[in-house]
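Let's take a friendly walk through a protein structure, from whole chains down to single residues. Have a look at the picture first, then read on.

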Amino acid sequence: MGEKMLMKGNEAIAEAAIRAGCRFYFGYPITPQSEISHYMARKMPEVNGTFIQAESEVAAINMVYGAASAGARVLTTSSSPGISLKQEGLSYIAGAELPAVIVNIVRSGPGLGGILPAQGDYFQAVKGGGHGDYKMVVLAPASVQEAYELTVEAFNIADRYRIASMIMGDGTLGQMMEVVEFRDEEDNKVYEKPWAATGTKLLRDHNVITSIYIDPVTLEKHNLNLQAKYKKISENETRVEVYNCDDADIIVAAYGTVARIVKNVIKTAEKEGIKVGLIRPVSLWPFPEKAFQKYADVPKAFLTVEMSAGQMVEDVRLSLNGRNEVHFYGRMGGMIPAQSEILDKIREILREAK
Amino acid sequence: MIDKRINIFTGHFGSGKTEISVNFAANLIKEGLKTAIVDLDIVNPYFRTAVVQKKMEKAGVRVIVPRYANTNVDIPALPAEINSLFEDKSLWVVFDTGGDDIGAKALGRYKSEIVENGYDMYVVVNTNRPFTDTKEKIIKMISDIEEASRLRATKLVNNTHLLGETKIDQIIKGNELVMEVSESIGIPVGFTAYMPKNSDDAEIMRQDFDKILLLDKMIKLPWE
């Protein structure tokens, strides 16, 4: 490991993309992720890259489609309302099997909502958002260091599987500052892209990048291929942190910055003799079902904590498939769950479980 | 360390302006001075002076924040109350400005009042931040801030740190770079800022630096 810097999550994501070889950025500023755009506007010209402030989020995602079609590593970033605008483009990118990285630094909704942190875009990210049967890889860092590492990884995953990967963090992750240690060199594999529209030089047939299939039999076959690819990604790219779960009285499921709060709850609870475990999905899709299944019978109950009305909790329930109780605690509107609130909820659940 | 009634903190975003501003104001109060702090950040809605408004008020500091600071809208409107600070000559004032030249622009609105009352404009530098890690970049940052604010930087602050991983040799290295800038553009170093881990640590720093502002962590993350 090498150079250390003090950075905001947003800056670390931007720097990571550049280090991962991304030379195309298309975006439109929105709080709380604008530092990514600022960073790219400043840095891209220095590395002979292209920064375009698009006229809208819709334009930006279609620019991503174009650059990805030509085989380039490309990034767009936004926050919740802007990501909603990108959904049509994301579906087309999935249909055309294009590798791209999208960042969503989530703010509170619905609608214009607010600029403070939230996790209410989980469904949109992992269950579709756009139309049709498609998936994106969704990675949820919990620290600035992890934001850097997962962003580099997002580019590699995207190229490896010809899929869109999303980095999803809440506003706190984007804005907070932590120390990042950069690797001296990224192990960026160069992925051959024989499918890319780079010009035939009259040496090969045309490469066609499209999501339209006129013949229904062919379209179904295309869909089956996509599903087979998603299955392979589920097998290979599931990421999870399991912490303190052996002999836990209760296991908390939380992702992103909420998991950081839960880790401190674990310390406080220990002083009261309550053993709290944490399962932190790092990939939200593919969801780490197996980690939940492994510990299904260990605790008296599970608790999911989110900055939402309860979204990931559904995947926790599906993973456990009725093998244990799953409770929920959430805050919304830009409110962040306090350690004391989570601990109160844990005490209440364990009282009732006895 | 303090000799002007108006003390303005500017710098790159993430340089530590807010942490230093609130600590600076807290020190003024401890010295028995009538103190006000202004959250002049029109750039970033997160991690700002408004977050510690209640704590500061409890300590006796008058706190002026934009009407919608810390809410779900980011309207960069400056409260009229700021004008009153220039009238009350018994008041010591700390301005916590937004980051970069964009944040410093809000100061331009008060240029004539600030100049009339006498001021120090500090530029806070953390040499571990990506856009202030070389002499050239720091000088560019200072001149951009001066141009946008229509004010002159009068003092530099070395706030080089890596949060919990800060080591004294990094601070010294940061100080050397800030000194180089100081010599090159003729702006003196006001002080070094440091967040001590314990009282021994604080003592060592006091011996190493003649001008130092020891910081109490005020701006916290949700899990701190």
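Two strands are said to pair if DSSP finds at least two bridges between them. Helices (H or I, at least four residues) and strands (E, at least two) are DSSP runs, numbered from the N terminus. This is a predicted model, in which local features need pLDDT of at least 70 and side-chain atom pairs count only at pLDDT 80 or more, while totals for chains, interfaces and linings use all residues. Residues are numbered from 1 along each chain as its sequence is written, chains are lettered from A and ligands numbered from 1 in the order in which they are written, and side-chain values use heavy atoms, with hydrogens and water left out.

**The two chains**

Chain A has 13 helices and 14 strands. Its radius of gyration is 21 Å, close to the 20 Å that the globule rule gives for 354 residues, so chain A is as compact as a globular protein of that length. Chain B has eight helices and eight strands. For chain B the radius of gyration is 16 Å, close to the 17 Å from the globule rule for 224 residues, so chain B too is as compact as a globular protein of its length. The radius is taken over C-alpha atoms, and the rule is 2.2 Å times the number of residues to the power 0.38.

The table below needs two more terms. Buried means under 20% relative accessible area, exposed over 50%, and partly exposed in between (1.4 Å probe, protein chains only). Accessible areas come from the Shrake-Rupley method with a 1.4 Å probe, and for residues only the protein chains shown count as cover.

| Chain | Span of the C-alpha trace along its principal axes | Buried residues | Accessible surface |
|---|---|---|---|
| Chain A | about 75 × 50 × 40 Å | 59% of 354 residues | about 14,300 Å² |
| Chain B | about 45 × 35 × 35 Å | 55% of 224 residues | about 9,800 Å² |

Contact means heavy atoms within 4.5 Å. Among contacts in chain A between residues at least 6 apart in sequence, 80% join residues at least 24 apart. In chain B, residues 24 or more positions apart account for 73% of the contacts with a separation of 6 or more.

**An enclosed strand and an enclosed helix**

Which strands pair with strand 4 of chain B? Strand 1 (residues 6-11) of chain B pairs with strand 4 in the parallel sense over four bridges, and B:Ile8 stands opposite B:Phe95 there. Strand 2 (residues 35-40) of chain B also pairs with strand 4 in the parallel sense, over six bridges. In strand 4, B:Val93 is the bridge partner of B:Ala36. Five of the six residues of strand 4 (residues 92-97) are buried, so this strand is largely enclosed by the rest of the structure.

In chain A, helix 2 (residues 34-43) has seven of its 10 residues buried, so this helix is largely enclosed by the rest of the structure. Among the buried residues are A:Ile36, A:Tyr39, A:Met40 and A:Lys43.

**Two residues in loops of chain B**

B:Phe47 is found in the loop between strand 2 and helix 2 (53-58) of chain B. Is B:Phe47 buried or partly exposed? Its relative accessibility is 26%, so B:Phe47 counts as partly exposed. Leaving out residues up to four places away in sequence, B:Phe47 touches residues of chain A, namely A:Thr172, A:Gln175 and A:Met176, and residues of chain B, including B:Thr18 and B:Ile219.

B:Lys211 lies in the loop between helix 8 (199-208) and strand 8 (212-214) of chain B. With a relative accessible area of 45%, B:Lys211 is partly exposed. B:Lys211 touches B:Gly190, B:Phe191 and B:Thr192, again not counting residues up to four places away in sequence.

**Backbone details**

Most residues other than glycine have a negative phi, and most peptide bonds are trans. Where are cis peptide bonds found here? The bond from A:Gly109 to A:Pro110 is cis, with omega near -5 degrees, and the bond from A:Trp285 to A:Pro286 is cis, with omega near 0 degrees. A:Pro110 is in the loop between strand 5 (100-106) and helix 6 (122-126) of chain A.

Positive phi values turn up as well: phi is near 65 degrees for A:Asn244 and near 60 degrees for B:Arg150. A:Asn244 counts as partly exposed at 25% relative accessibility, and B:Arg150 counts as partly exposed at 49%.
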